[in-house]
Amino acid sequence: MELPFFYLFSAGIIGASLLMVTRSNVIHAALLLVLTFLFLSGVFVLAGAEFLAVVQILLYAGGIMVLYLFSIMLMNVDVSVRLRQFQRQTFFVVLITVILAVEVWVVLARGDAYPGYKGFAWAMGSTPGNVEALGAILYTKYLFPFEVASVLLLAAMVGAIVLAKRTIDR
Amino acid sequence: MADEVVNEEASGGSSPETEAPEAPKTPPGKALRELVDAEYPGAILEQTAYEDREDEVTFVLADDALVKVATYLRDHPASSFKILTDLTAAHYPDDENTFQVVYQLVSVDHSRLLRLKVMVKESQEVPTVSGVWSSANWMEREVYDLFGVKFKDHPDPRRIFMPEDWGSHPFRKDYPLEGLGERVYEKPKRKEIGE
Amino acid sequence: MVGGVESSSRIERITTVPGTEELVINMGPQHPSTHGVLRVILKLDGETVTDVDSDIGYLHRGTEKIGENITYTMFIPYTDRLDYIAAPSSNLAWVQAVESFFDWEIPERALFLRTMVGELSRIASHLLWLATHALDIGAMTVFLWAFREREMVLDLFEMAFGARLTVNAFRLGGLHQDVPPEFLVEARKFVDLFPSRVDDYETLLTENRIWLQRTRGVGVISAEDALDYAMTGPILRASGVKWDLRRAKPYAAYPYVDFTIPVGENGDVYDRYLVRLVEMRQSAHIIDQCLDMLPGGPVSCKTPRTIKPPEGEIYHSIENPKGEFGFYIVSDGSETPYRVKIRPPSFINLAGLKKLCMGELLADVVAIIGSIDIVLGECDR
Amino acid sequence: MIPELIAAFLKIAMVLGVISLVVAYLTYLERKIIGHIQMRLGPMRVGWHGLLQPIADGLKLFLKEDIIPAKADKIVFVIAPIMVLAPAFVVYSVLPFDKNFYITQVNVGLFLVLAVSSLGVFGIVMAGWASNSKYSLLGAFRSAAQMLSYEIFLGFSLVGPLMLAGSLNFQNIVEAQADVWFVFYQPVAFIVFFIAALAETNRVPFDLPEAETELVAGFHTEYSGMKFAFFFLAEYASIMAISTVCISVFFGGWGGIDAIPLPGIVWYLLKMAVLIFVFIWIRATLPRYRYDQLMRVGWKFMFPLAILNIFVTGLLKLLFI
């Protein structure tokens, strides 16, 4: 039951991301990225990480990508459509892709070397409500990184407000 | 609620009728005329009044004195014509002065009206009063649009009612009333009088 | 690799963003909230208005020119088509302007009936304004409630003149014929009912927080500026200038009736709203008094068969629901006027739109246009 | 496995069919109620008291010419209405209508509802951009900004009840209210939730994105025919969905008063009817907020309130439970 859906979602991810990088229209690319996210969250669900799946949709698709779309739509998209999409970068692109692929392959093949990695999500999925599990881990074991992240985000928010605020004399 | 913001009074406004019987012999507009003559002698070329009505007093002004007299009438407390309520023109194709440009002023403080007139020839430009009363802006545009009277230094000298490419000015007396006449779009530059 | 060089220069052009761009937006002439065929070209910085250019003239019919080629009597129906929301007011202005050439004794009954019908038209006009203005700001129910009462006014017009919108109400020298007796009964009923209906509108709007937020402090114009822009009517009064031609230059039966002139303080959209609401109540009050005082007798004086005013010129204006509505007539002694000029309140009030809108938000432009209360038939003429 | 799938499909088809019909009649209800509030009758001509009006409307929209503007981005233009409608219907997959009447149960049910409904923004932004019209684009931006902000308040307002229920699963939340509805424990959260729900569904006084008097009709200005109907359906479907969430979280879902033995679904429908009536009533009464005022209300009033509510709830829970 799960396998066909896994293939469906994986094919969706690969197809959508391939389409995404080949579109010359930025808006289309952004929308395809959203599609990729949706398929990805499907894979998360299959892995039993329902919470992660929902967060994926809520934050990445529903939140961040909308803001991306916002800023892209305010730019002059017509210009980008007429631009040459592939510059003389093919060599570097291929190089970096190969390096990345090798990296992923090594990590997957030597999975045993990272005991923490093995089935983190799967393990959590096996508990009845993984929200509780996630909450417990976040607020006990990973409390410090969590707090650091929140402070960083706060700083970023304040910075953004300071940068964006204009004085209006009205 | 309404009473808090809107203050109402049972009666108000001065009534000009009560002043009239006190000085029946004085021709209407005399005080105003003296006011202007004292400051700008010679600015008023002619004064006309419709019978003895105070609100129909008309001063015909020299065109170069228009702006300063207008400013003076607006600012002087005895006249205080704060509103330029109407600005129009009339076309007299047979007269020497083809156009009469008419300014209708209202004084809220004294509750009275005054008419100013400027007589201009065919291609003569009239100084704009849009610096004196902002309301003159659109009204002068209207007069230009419909009569072709041009206003010197007007801040926004465009047509207002008619299309931008309309050839002539429809309220002139020589504008044809029937037939295709000026309405033909193919020849927009038919008769641009004043150029 | 010419293409490569070209494209890199293009990239440069994109990456050097030229600050922010103003958005030019076209409102109208078929926009639902421009109240007719008004076209407004707005320049926006974000949602803030930085420039306003009104484009009018879509309804220009050359009414003044028509007036110069037909007789004085024939022009009365044309005045219906100026401010068609309050057609009797336009009729009244023209009829009185022509009558002021002569020394006719207009019968008192005609004067009172003219006042009544004029005030009914003020109610009709203000109701239409309230309905559309509230709808612009999103209050839909007021729209239909106001139309319910406007229907009653139009029924009264139909009873008296046989038409509902373009009523052709008055004639030179009085009225065409006396109103039917039922008219007076129905008018009394309406006047008794109407103030409670105004209370209903006020319940929905006057103290509504959202309404206050949308209208208070929006589209403010000072008394000085309002005078400078020759704005008249409720706009001028909302700015605090107590100028009402019914009181300043009394005509018809206004010298005999008692009414108050509402004055605002801030000159914002909210004050204009309050002023108009009080005016509606006052109109009902005036009609009430007219019904009490209505004398008998004829409704028209004897007028010559052909109306030839003496040579001369006249400017006569009355207090239309929208402001000062006047006629400047130049007579050359013949049957047709030499020059007719209409002093249109909508046109002149609309000229101040730019002044009112600068620095406001896009949504406020709709509220401000609504609060000016324009009717394009009279604006474009 | 196959019969299981068929059963699931049947269930889905049933819920979808019923919801489509109910949504269609919701428009009828709205027109009737607003009509009577405004001293008129509403639809009267088609069927008895206009009862067939929604069907006639649907038929009309089906048969209308489907116009795609020449300068529009055709693919995005066509996908956009689907992107709006799909999330509005997907939400129903986890919503409970009765103790045993639901499509599926998910551990993160409530969270999923929030996430999926947030996807509706995409449809709107896509519609606005693809129409290639300034009015549409402005409407889409407004809508997106509004929905993004109010989603946050919506989410935060739900945290309080969640802390009381201790679960994100709708069944558990409803069961936790067997004795006392959460609206009594969490009145502040309910107020914030209700206002945010109005904004989230683009209802008066927050109907800026489709303010016909300012932006003509906002993001769906250029749409016609069935595509337009999709937006319309989506709006009403999400009103129903958000009402269901509201009922489940604050009003005890299908639970009723023990003294009156009624099936759970009836209780649910009764509560739904009351809530929907309030939605419509508000539409008939209030004017529209301005854009900046809407944002101010949200960020300066509702956001702190929601946060405060979470804090107080946590404090009380720590102290007394």
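1. The model is predicted: local features need pLDDT of at least 70 and side-chain atom pairs count only at pLDDT 80 or more, while totals for chains, interfaces and linings use all residues. Residues are numbered from 1 along each chain as its sequence is written, and chains are lettered from A and ligands numbered from 1 in the order in which they are written.

2. In chain D, 21 residues are in contact with 18 residues of chain A (C-beta atoms, placed from the backbone, within 7 Å). Helix 4 (109-118), helix 5 (120-130) and helix 6 (134-165) of chain D each give two or more residues to this side; the largest share, 6 residues, comes from helix 4 of chain D. Helices here are DSSP runs of H or I with at least four residues, strands are E runs of at least two, and both are numbered from the N terminus.

3. The side of chain D that touches chain A has 19 nonpolar, 2 polar and no charged residues. Ala, Val, Leu, Ile, Met, Phe, Trp, Tyr, Cys and Pro count as nonpolar, Asp, Glu, Lys and Arg as charged, and the others, Gly among them, as polar.

4. Chain C holds an open sheet of 3 strands in the order 6-7-8, with antiparallel pairing (at least two DSSP bridges between two strands). Strand 6 (312-320) and strand 8 (339-343) of chain C are the edge strands. The twist averages 10° from one strand to the next.

5. Strand 6 of chain C is joined to strand 7 (residues 323-331) of chain C by 9 bridges. Ile318(C) stands opposite Phe325(C) in strand 7 of chain C.

6. Helix 4 (residues 87-99) of chain C packs on the sheet and touches strand 6 and strand 7 of chain C. The direction of this helix makes about 150° with that of strand 6 of chain C; axes are lines fitted to C-alpha atoms, for helices over the stretch in contact, and angles run from 0 to 180 degrees between N-to-C directions.

Notes
Two residues are in contact if their C-beta atoms, placed from the backbone, lie within 7 Å.
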